[in-house]
Amino acid sequence: MPQQLAIIVLVDVGSALESESLEGNTYLFDNMKLQGSTNQGTGDLVTAINGSYWSDGSQASEQVLNWLPYSLGSIPPTVPRGYEFERARRSDEKALEDLQDLATKSSVAGVDQAEQLSQIRKTVGARVKTTRRTRGRMSGQKILDVTGKVVTEDNTAAYTYPAPVITDIYGEAVDSKIMYPAEYGSPDLVTDGWYWSATVDTSRPGTYSYVMRIQLHKLVGLNGELRWEAVNLICPSTLKITSEPRRNAFTKAGMGLLPIPPDAGARPGSH
């Protein structure tokens with residue numbers, strides 16, 4: 001059975017959009033550090049893939065990679081799926097309560113209704129317009145800051161961005177038929193049910209580059225409406241395939257028996 005390896009693609013979306021580049025704004029991690037991956041936590045990750053072979057030297061199985069993109073400094077994707085909707089609903093309820101309170105004060109002398117209406121308008125927040133290209137978790141929702149509060153005219157905290165989306169994987173490793181990537185659907189709600197995975201041919205050791213095309217979303221105002229505009233950037237990375245035998249990550253030894261003392265299973269006092 002092939003091994004399942006994960007590569008986390010963590011993107012500083014705000015900085016990437018500002019510089020219009022993923023260089024220096026992407027942090028890659030995988031779970032092969034103890035097996036030889038290098039440059040963990042940088043944009044220059046080299047993912048180690050140790051082939052698995054039978055005793056006669058023939059290839060035993062392929063390697064499977066899974067890429068998981070996340071946004072740095074945004075609301076984590078692991079919060080409940082209706083989180084943004086719930087926060088927007090509470091904001092609307094608060095605005096209705098304020099309007100009702102204002103209505104009861106309408107007959108009170110000295111109440112500046114125009115000023116209070118203006119204050120309510122400033123705190124109710126704004127919704128992002130849903131478009132054909134930006135349908136998703138945050139479309140049609142109010143803009144939230146990184147702490148989950150609705151962004152208002154008085155709230156200047158950085159707003160949260162939609163998670164990055166991998167839209168393609170290509171390059172040397174694909175052209176050389178070392179890697180066969182594709183987008184798959186699953187019930188995984190964290191990634192909205194879609195993720196990129198690839199099967200890797202481990203029978204040809206070597207270092208191979210590949211490129212991820214990653215789509216970010218930039219908040220823009222147009223004709224008095226806010227909307228997320230797609231921005232496509234690229235992020236290169238590398239695979240290093242070796243024919244070294246797999247090692248035990250705890251003992252650094254081969255895939256034999258664990259170094260358990262001979263008497264580890266003996267009952268106390270049995271000697």
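At 58% relative accessibility, Leu96 counts as exposed (exposed is over 50% relative accessible area, buried under 20%, partly exposed in between; 1.4 Å probe, protein chains only). The model is predicted: local features need pLDDT of at least 70, side-chain atom pairs count only at pLDDT 80 or more, and totals for chains, interfaces and linings use all residues. Residues are numbered from 1 along each chain as its sequence is written, and side-chain values use heavy atoms, without hydrogens and water.

Stay on Leu96. The residue sits in helix α2, residues 83-104.

Next, select Ser197. Strand β9, residues 194-200, holds this serine. Ser197 is buried, at a relative accessible area of 7%. Show its side chain: the backbone oxygen of Leu65 is reached at 2.9 Å. The side chain of Asn66 joins that of Ser197 in a polar contact of 3.0 Å. Beyond four places in sequence, the contacts of Ser197 (heavy atoms within 4.5 Å) include Trp67, Tyr180 and Tyr184.

The largest nonpolar core has 37 residues, and Leu65, Trp67, Met179, Tyr210, Met212 and Leu216 have the most contacts inside it. Strand β10 (206-222) is among the elements that each supply at least two residues of this core. β10 gives the most, with 6 residues.

Finish on Met212. Leaving aside neighbours within four places in sequence, Met212 is in contact with residues including Val9, Trp67, Ile166 and Leu233.

Note on methods:
Helices (H or I, at least four residues) and strands (E, at least two) are DSSP runs, numbered from the N terminus. A polar contact is a pair of N or O atoms within 3.5 Å; within protein, one must be able to donate a hydrogen and the other to accept it, and residues adjacent in sequence count only if both atoms are side-chain atoms. A nonpolar core is a set of buried Ala, Val, Leu, Ile, Met, Phe, Trp, Tyr and Cys residues joined through side-chain atoms within 4.5 Å.
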